[in-house]
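Trainee: I have a model open on my screen and would like to learn how to read it. Could you take me through some of its features, one at a time?

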Amino acid sequence: MLSSDQEDLRLLRESARTLFERAGGSGRARKLRDASGGWDSDMIGELAGAGVFGVTVPEANGGLGMGLAAGGVIAEEVGRVIAPEPVVLTIGLSLGLLRRLRPDHPKMEQLINGETTLAVAWQERGPGGAPADATCRYADGKLTGSKAWVVGAAGSHGFLVVAGGQNGPVLVLTEATADGLSVDKRVQADGSSLGELSFSGTPAEQLAEGSAVQDALAEAISDVTALAAAELVGLSDRAFEITLDYIKTREQFDKPIGSFQVIQHRAVDLNVMLEVAQACVREVLAQMDCETVPKIRARLASRAKARAVTAAKKITRDAIQLHGAVGYTDEFDIGLYLNRALVLSAWLGDDVYHRRIWLDAREEEGVAQ
Amino acid sequence: MTDWNAMSDAEFRKEVHQFFETEYPEELRHLPHRPKFAEIEHWHRKLHTKGWVAPAWPAEYGGMGLNAAKLLIFYEEQQRGGVNRGRDMGVQMVGPLIIKFGTQKQKDYWLPRILSCEDIWCQGYSEPGAGSDLANLRTRAEIDGDDFVINGQKIWTTMAHDASHIFMLVRTDPNAPKKQQGISFLLAPMDQPGVDVRTITTLSGETEFCEVFFDNARTPRENLVGELNKGWSMAKALLSFERIFIGSPSLAQNALGQLESFARGRGAYDDPVFRDRFAQAALDVEDHAALYARFADQLKRGETLGADVSMLKIWVTECFQRITELMIEAAGPDGGTVGPLQVGNVSVDVLASFYKARPTTIYGGSNEIQRNILSKAVLGLPD
């Protein structure tokens, strides 16, 4: 994987920020939430035009070939404006799987060009879950069974499904409109939805099979987990800015509340938490670009997600407190950030989960101080 | 004269590591207390012969002339190896001030004596009424013929009972319009009738802090460094590098290593609740190191550090405290026991670590003062 130098990343950050701000910043997220809870397909096209989805795809396969650190820059900008488009999902998971297993497949180009979006169905309810002990089966070109917690299920054109096949796990592709597919939507705090998918003889195209599927999935999960951490850092960054502006202007007792020492010290603690999270996640992404051992990449991703969730939870919750009563209203934007943080924290494992995974991995590798 | 800065970082690190690894006396590694000079004199002689007493000083004054990047490496290796800093107040505080603001005569006289430890220095800044509010200091120095006459009291003076000289901030103009004005930087010998030193016993039972009383003590006028009444800004100018050093990860990293082996030996490590708290602490240390690296890179690029570097100190000292608190929890019923606890072939003094962590949030500008600074200088919050 190629990594990018600091100047490339700075330029990328600038152009991503401009693109999102021109599109309406966080105000756009509110409008979309109120309208449908989905995303804006024109925005998908614009993002694709800027090369966003193919950022980590090698140039030979039609991407920018920039590495995960660059993906993290984009993810941070997505987080800052709480954009509902499936950017991290597509970069990390959908293309993360396809580029490893089927870089030749026409869906690659369509995903990079923003012509299609594919959600990834890899988890199942119940013990174990995915993918080795998957109860969702693929045989004779048809899927049977169910999948859970599918992000982006509501707006996607199709699904990449990890299922049990005749020769081990398979990755298959099915269209959203396919026969025998039903999608049960579970509404999330931010207005998005998770899909519970059930298949009864749903036709699907096999893309890959065997242990390669499992390996590619593990790698893609590491990528998307670290990118979700970056999205949380961007979100926390902006939530902190909003809060800082608020405590500088909100007056009580004839003074800005930000002049009170107790408020100042709490704001400093949030700022320190944010800076640590940003340093951690950026370091992790850069290290993942240089690291080839999957287990180490997974440990790094867990470190990033654990820190980003810890920070985002603390920052968005304290942000509500520092806003006082208006923080509890839907009218103020800070609530949108809290809600998005809840959803991103639960996705792919929260801080407690990732600390456990991280410590286990650290022991297994014998990483001692 | 070796040009250390011309070496690659890796080469230099290896060289420093090697020296500390082979030359530093094993029995002095990770000393739990601050040694008196006699205890570490042998090591100091070795360092002096090597020319490594003053890594930050320019080579022309007998230092190593290290740039910021190399200096960080030097200190990192020193801390990693558990190498005692020795009685370095002279090297760290007085020397740089004399180099920057002193006369040629002062340089010629004092600097070689600092390097050889012929003079051993202590720092007289804090007073009973001037802690966080240091500019409130009241110890007076008045001109009397060729001398200054000093009256007043200093406190928390580290190792004053083992020092031959004190460098101090004193009030030379009590009528200055602002309390930061009217302060001067003065050098004085300790061995005289007007100076009385009393040790302070700390919570850990150590006596490294002292009170120093001045009752018509005298020092020659030529021991004024820099201009009269300009001591405050001079002393402040020195703190820039100290602010990243005081936030370095090594204290917390060392404590985490101790906690890990102790908790494993004690069985606490298998407890899921402990495991999560250990993972939190370990990640707090690792992620702090990422932020530290960001500031260190800034220094390496030749940039000056802003006030935001204070966040390193806040984070790492509070993290250090949590780690030592976890050690006490892991000790269970032995958590109140004085002295080393044996676990397998590891011996850990949990109380000593706990006590060592307490003052870190108080010294070098308490963490509350650091938060005040960050809220104003970095976040721009109003008065």
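Predicted model: local features only at pLDDT ≥ 70, side-chain atom pairs only at ≥ 80, totals over all residues.

**Reading the model together**

Trainee: Where is Asp254(A) found?

Mentor: Asp254(A) sits in the loop between strand E9 (251-252) and strand E10 (255-256) of chain A. Its backbone deserves a look too. Most residues other than glycine have a negative phi. Asp254(A), although not a glycine, has a positive phi of about 65 degrees.

Trainee: And what phi does Met159(B) have?

Mentor: Met159(B) is not a glycine either, and its phi is positive, about 60 degrees. This residue belongs to the loop between strand E3 (147-158) and strand E4 (165-171) of chain B.

Trainee: Why does Gly349(A) count as buried?

Mentor: Gly349(A) counts as buried because it has 20 C-beta neighbours inside 10 Å. You will find Gly349(A) in the loop between helix H10 (334-346) and helix H11 (351-365) of chain A. Leaving out residues up to four places away in sequence, Gly349(A) touches Lys305(A) and His354(A). Look at Thr225(A) as well: Gly349(A) and Thr225(A) are 124 residues apart in sequence, yet their C-alpha atoms are 8.4 Å apart in space.

Trainee: Now for helices. How should I describe a packed pair?

Mentor: Two packed helices are described by the angle between their axes and the distance between the axes. In chain B, take helix H1 (residues 9-23) and helix H3 (residues 68-80): their axes come within 9 Å and cross at roughly 30 degrees. The crossing of H1(B) and H3(B) is right-handed.

Trainee: Which residues make the contact?

Mentor: From H1(B) come Asp9(B), Phe12(B), Arg13(B), Val16(B), His17(B) and Phe20(B). H3(B) supplies Ala69(B), Lys70(B), Ile73(B), Phe74(B), Glu77(B) and Gln78(B). Sorted by class, the contact of H1(B) with H3(B) has six nonpolar, two polar and four charged residues.

Trainee: Let us zoom out. What does the domain assignment of chain B give?

Mentor: It gives domain 1 (4-86), domain 2 (121-229) and domain 3 (238-378). The C-alpha centres of domain 1 and domain 2 of chain B lie 29 Å apart. Their contact takes four residues from domain 1 of chain B and four residues from domain 2 of chain B.

Trainee: What does UniProt place on chain A?

Mentor: An unreviewed UniProt entry places "domain: Acyl-CoA dehydrogenase/oxidase C-terminal" at residues 227-357 of chain A. Over residues 227-357 of chain A, the model is 79% helix and 3% strand. The UniProt annotation "domain: Acyl-CoA dehydrogenase/oxidase N-terminal", also from an unreviewed entry, covers residues 7-96 of chain A. That span, residues 7-96 of chain A, is 66% helix and 0% strand.

Trainee: Finally, how many residues of chain B are in contact with chain A?

Mentor: 25 residues of chain B are in contact with 25 residues of chain A. Helices H8 (250-266), H9 (272-300), H10 (310-331) and H12 (367-378) of chain B each give two or more residues to that side of chain B. The largest share, 11 residues, comes from H9(B). By class, the side of chain B that touches chain A has 12 nonpolar, five polar and eight charged residues.

Definitions and conventions
Residues numbered from 1 in each chain as written. Chains lettered and ligands numbered in written order. Axes fitted to C-alpha atoms, helices over the stretch in contact; angles between N-to-C directions. Helix = DSSP H or I, 4+ residues; strand = E, 2+ residues; numbered from the N terminus. Left-handed = near helix turned anticlockwise from the far one by under 90°. Contact = placed C-beta atoms within 7 Å. Nonpolar A, V, L, I, M, F, W, Y, C, P; charged D, E, K, R; others polar. UniProt positions renumbered as here; feature names shortened; annotations may be inferred. Domains from an automatic or database assignment. Buried ≥ 20, exposed ≤ 12 C-beta atoms within 10 Å, placed from the backbone.
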